[in-house]
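I opened this entry to keep a record of what I looked up, in the order in which I looked.

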Amino acid sequence: MKRLAAAVVLWAGSIGASAPVPVDDALITGDALPQTLSEFRLLAGTFGRSANDRVTAYTLNTPLFSDYAEKWRYLYVPKGQKIAWRDDGVLEFPVGSVLIKSFGYPEDMRQRTRNVRLLETRLLLRRASGWVALPYVWKEDGSDAVLKRAGTRIPVSWTHTDGSTRSISYAVPNANQCKGCHDNAGSMTPIGPTARNLNDGKQLSAMAAAGLFDRMPETVPALPVWNDARTGDVNSRARAYLEVNCAHCHNARGPANTSGLWLDWGQPTGPNLGIGKRPVAAGRGAGNHDFAIAPGQPDTSILIFRMQSLDPGVAMPELGRASVHDEAVALLRQWITEMK
């Protein structure tokens, strides 16, 4: 796929903003696997730059890292339904809901809203049988996106924040890979939209005012923004990054539960958080290091070793990245260095 010649500035929307085009609820809740994104009538315009009726844009305090891709997120809740509030964990979305996430790259990361190349839009559909993941890859002209359940690879290049040119083979996941990240006790579940990760001081209140929740407590904790020191100290921001990027697998109910390394936000300090913890199965993934986290010693911590690796048998997370997240590695290194 060639780089688009024309500028594509994606509209991120605002809470409650929508065009009066009804979404196809029957298609969302049915058994069909539509071959094009437009059939759902969730997004409209070239590259889905507009949101249709009841489709709401949202952001996350700390998002999942996906090879430096920019992301645009929306949610849809059918008329007459509400999201069930959960103080902890992912909010409970009713049947007929959709979580929508578009991925793209600006030509230059220093000008993130200019010359954006949109690659794909992923849907999580809440059907009666559970969540269903469907990835749609955009046509070059932005007229529609086509279902790619088997996944695909797309070559991407951009100018990075330091002025260097970066190139990767961007991976659109297949259905099994989607479940690999979204699995919770054997069932597919969303990752990002927890109350604390949505709480930026304004967003939750606006969503509540729009009638999206069944209730909302007066006080809601907020997950720090991992790269904004104004939102928390090094420890809390490092924990926020691990919560979003690692804990969907590394928790007591996740696919990596047998590792005994649980990196979720509520995990107390100790061996299950990796501090002074030896790996369950030693191998090259440990890099000849003894502990997941060796306090004060990031260079001998398995966590850092695996985050810095691109080797498919070593790298963590296992899926969804072909790049080292340099800035996050620096934060986690500082976190471990400051441990006593």
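The notes below go from confidence to cysteines, then to a hairpin, the cores and the charged pairs.

**Confidence.** I noted at the outset that this is a predicted model, and I found that the chain averages a pLDDT of 90, with 91% of the residues scoring at least 70.

**Cysteines.** I searched the whole structure for disulfides and found 0. For Cys246 I then looked up the closest cysteine sulfur, which belongs to Cys249 and lies 8.9 Å away, too far for a bond. I also checked accessibility: Cys246 is buried at 12% relative accessible area, and Cys249 counts as buried at 18%.

**The β9-β10 hairpin.** I followed strand β9 (residues 152-159) into its pairing with β10 and counted 8 bridges between the two, which run antiparallel; Arg153 has Ala171 in β10 as its bridge partner. Between the strands of this hairpin are 5 residues, and I noted that Gly163 takes a positive phi near 90 degrees.

**Cores.** Which residues touch the most other members of the largest nonpolar core? In this core of 36 residues, I found them to be Tyr105, Val156, Tyr170, Leu303, Leu332 and Trp335. Among the elements that give two or more residues to this core are β9, β10 and α5 (234-245), while α7 gives the most, with 6 residues. I listed the contacts of Trp335 beyond four places in sequence, which include Val234, Ala238, Leu242, Leu273 and Ile293. I also recorded a second, separate core of 26 residues, including Leu27, Val132, Leu134 and Tyr136.

**Charged pairs.** My search of the whole structure gave 11 salt bridges. I looked at Arg166 again, and found it in a salt bridge with Asp326, the closest N and O atoms being 3.1 Å apart; this pair links strand β10 to helix α7 across 160 residues. Asp326 counts as partly exposed at 36% relative accessibility. In the salt bridge of Arg122 with Glu120, at 2.8 Å from N to O, I found Glu120 buried at 0% and Arg122 partly exposed at 23%. Lastly, I noted that Asp88, Arg196 and Glu243 are linked in a network of salt bridges.

Note on methods: Residues numbered from 1 in each chain as written. Predicted model: local features only at pLDDT ≥ 70, side-chain atom pairs only at ≥ 80, totals over all residues. Heavy atoms only, no water. pLDDT = per-residue confidence, 0-100. Disulfide = S-S within 2.5 Å. Buried < 20%, exposed > 50% of the residue type's maximum accessible area, 1.4 Å probe, protein only. Pairing = 2+ DSSP bridges. Helix = DSSP H or I, 4+ residues; strand = E, 2+ residues; numbered from the N terminus. Core = buried A, V, L, I, M, F, W, Y, C linked by side-chain atoms within 4.5 Å. Contact = heavy atoms within 4.5 Å. Salt bridge = Lys/Arg side-chain N within 4 Å of Asp/Glu carboxyl O.
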